[in-house]
Amino acid sequence: MGNLTATRPPQPWTAPTASDPVAATLRLPGSKSMTARALVLSTLAAGPSTLARPLRARDTELMAAGLRAMGAHVSISDDERWLVRPHPLAGPAHVDVGLAGTVMRFVPPVAGLADGPVTFDGDPYVRTRPLGPLVGALRSLGVRIDVTGTGSLPLTVFGTGGVTGGEVVIDASVSSQFVSALLLAAPRFDRGVVVRHVGPPVPSAPHLRMTVRMLRAAGAAVDDGTPDVWTVEPGPLTGRGWDIEPDLSGAVPFFAAALVTGGEVTLQGWPHSSAQPVEKLRSLLQRMGGEVTLSTNGLTVRGTGVVHGLTADLSDVGELTLVLTALAMLADSPSVFTGVGHIRGHETDRLAALAREFGGLGADITETPDGLEIRPRPLRGGLFRTYHDHRMAHAAAVAGLAVPGIEVDDVGCTSKTMPEFPALWSAMVTGKS
């Protein structure tokens with residue numbers, strides 16, 4: 001009769017409640033954003049590259065597999081050191097993007113450089129994630145793309161071994177990844193690229209600065225001196241060693257635990273000069289009642305056990321919205337978050353999901369067109385659905401520190417960026433490693 005348990009839904013995970021202030025020193029996996037960019041730049045380089053302490057998770061493994069399918073040698077057998085050796089890129093190939101925005105957006109421009117067709121598809125929900133502006137931009141730069149579905153995916157890139165490049169106008173107000181995708185591959189375009197953004201402000205500006213910084217580190221000539229215009233000259237990229245920073249977004253729920261419980265959490269291995277928006281995070285956590293310090297031990301956050309509400313524009317750090325919402329639920333005053341309408345197009349409609357799931361636990365939370373309004377009041381336990389979104393699981397875990405009985409329907413979705421999250425979280429809360 002077959003395996004009747006294969007499709008059985010996972011058992012809910014009960015978020016542990018903290019009885020004492022947390023005290024933890026952690027070494028977390030590498031940055032997803034840096035790992036993805038390093039994989040692309042290494043694939044397009046003239047020589048081999050290594051990635052030290054990369055993130056091993058579903059998103060980055062899918063990225064490696066997609067680049068490997070087109071011919072790159074990508075060895076990820078060593079958790080501490082991945083090796084990339086460039087090879088001529090060719091189709092036919094298939095790229096499974098899963099739910100990863102980085103894969104669905106960063107790899108099609110690379111596929112344009114391959115000789116032959118490359119197909120793209122992924123999890124059902126990913127077909128609703130925005131991709132149209134990037135497809136239009138690539139077509140205007142000389143790439144033939146057929147979109148075979150009713151949404152953004154599935155699609156096929158018919159690579160010819162090169163991309164003409166040139167100047168392109170794009171509305172990247174939905175995702176900064178549209179710009180990053182074009183810039184990362186542009187050194188290999190015949191004419192490079194000039195990207196002009198026209199439209200509402202581009203969200204997640206720190207991620208664009210990371211892209212430019214890493215391109216320059218690989219030897220590319222990049223001019224970002226004019227607002228909303230990025231120029232990348234054609235030229236070779238250099239293979240190199242990439243030191244991947246710990247993932248700041250992945251660290252945020254652990255830092256939030258320090259605020260909720262009046263404890264202290266240190267993230268080891270944090271660089272003094274970071275490509276991630278650490279100063280923005282420091283400001284937000286301090287306003288919510290935390291103390292943030294950087295020392296030779298790492299990045300440390302201390303809390304008092306009292307969380308303050310705040311009004312903040314989170315357009316630069318939309319990934320943090322979910323955990324900050326959980327903190328705001330437990331605060332001593334209301335909060336208003338703005339500038340994050342774009343996260344409706346992430347792994348799920350995150351604003352609607354937060355309002356629905358926290359509302360189901362008794363929260364007073366209201367969606368706005370570009371954010372949330374949160375008025376703290378006592379919460380109750382209950383089932384919290386993640387919609388396959390890792391950041392939703394993180395938010396539920398933070399709320400569960402103070403609210404007994406929150407059951408997460410699928411904590412396994414955290415494997416998208418941190419497979420070890422449930423174990424690390426439980427060890428931190430219980431004090432048992």
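These are my notebook entries on a few spots in this structure.

**Ground rules.** I am working with a predicted model, where local features need pLDDT of at least 70, side-chain atom pairs count only at pLDDT 80 or more, and totals for chains, interfaces and linings use all residues. Residues are numbered from 1 along each chain as its sequence is written, and side-chain values use heavy atoms, leaving out hydrogens and water.

I looked up the UniProt record, an unreviewed entry, and its "active site" annotation covers Glu-319. Such annotations may be inferred rather than shown by experiment. I found Glu-319 in the loop between strand 18 (311–313) and helix 9 (321–329). Helices (H or I, at least four residues) and strands (E, at least two) are DSSP runs, numbered from the N terminus. Is Glu-319 buried or exposed? I call Glu-319 buried because its relative accessible area is 17%, and buried means under 20% (1.4 Å probe, protein chains only). Leaving out residues up to four places away in sequence, Glu-319 touches Ser-249, His-346, Arg-350 and Arg-391. Contact means heavy atoms within 4.5 Å.

I traced an open sheet of 4 strands, in the order 10-11-13-12, with mixed pairing. Two strands pair if DSSP finds at least two bridges between them. Strands 11 (193–197) and 13 (229–232) run antiparallel over 4 bridges. Val-193 has Val-232 of strand 13 as its bridge partner.

I found the charged end of Arg-144 over the ring of Phe-158, 3.9 Å from its centre. Arg-240 lies over the face of Trp-242, 4.3 Å from the ring centre. The test is NZ of Lys or CZ of Arg within 6 Å of the ring centre and within 35 degrees of the ring normal.

Notes. Buried < 20%, exposed > 50% of the residue type's maximum accessible area, 1.4 Å probe, protein only.
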